[in-house]
Amino acid sequence: MKILIQYTQTGMYKDDAWETPALHLKGQLHAVSPSYAAQLIKRNQASLFTDENKNVVISA
């Protein structure tokens with residue numbers, strides 16, 4: 001399961017330790033693991049993306 005986040009800072013990010021870091025731009029949406037989303041949100045590098053009804057968007 002992955003959830004959608006929206007980056008608030010441009011930078012090099014990787015969801016898993018074995019992945020190569022990839023450039024993500026401010027405002028870009030990306031599906032990440034819930035634990036990585038929590039880390040990014042805590043560091044103010046991303047925000048949780050919700051739909052028009054304020055529901056969290058989950059990706060398979």
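**View 1. Lys2 and Asp15 form a salt bridge, with their closest N and O atoms 3.0 Å apart.** This is a predicted model, where local features need pLDDT of at least 70 and side-chain atom pairs count only at pLDDT 80 or more, while totals for chains, interfaces and linings use all residues. Residues are numbered from 1 along each chain as its sequence is written, and side-chain values use heavy atoms, leaving out hydrogens and water. A salt bridge here is a side-chain nitrogen of Lys or Arg within 4 Å of a carboxyl oxygen of Asp or Glu, and searching the whole structure turns up one. Lys2 sits in strand β1 (residues 2–7) and Asp15 in the loop between β2 (11–13) and β3 (22–24), so the pair ties together parts 13 residues apart in sequence. Strands (E, at least two residues) and helices (H or I, at least four) are DSSP runs, numbered from the N terminus.

View 2. Asp15 is buried at 14% relative accessible area, whereas Lys2 is partly exposed at 28%. Buried means under 20%, exposed over 50%, and partly exposed in between (1.4 Å probe, protein chains only).

**View 3. Tyr36, Ala37 and Leu40 are the buried residues of α1.** They span an arc of only 105° around the axis, so they share the same side of α1; the arc is taken from the directions from the helix axis to the C-beta atoms. These buried residues pack against β1, β2, β4 (29–32) and β5 (46–48). Contact means heavy atoms within 4.5 Å. After α1 comes Asn44, with a positive phi near 60°.
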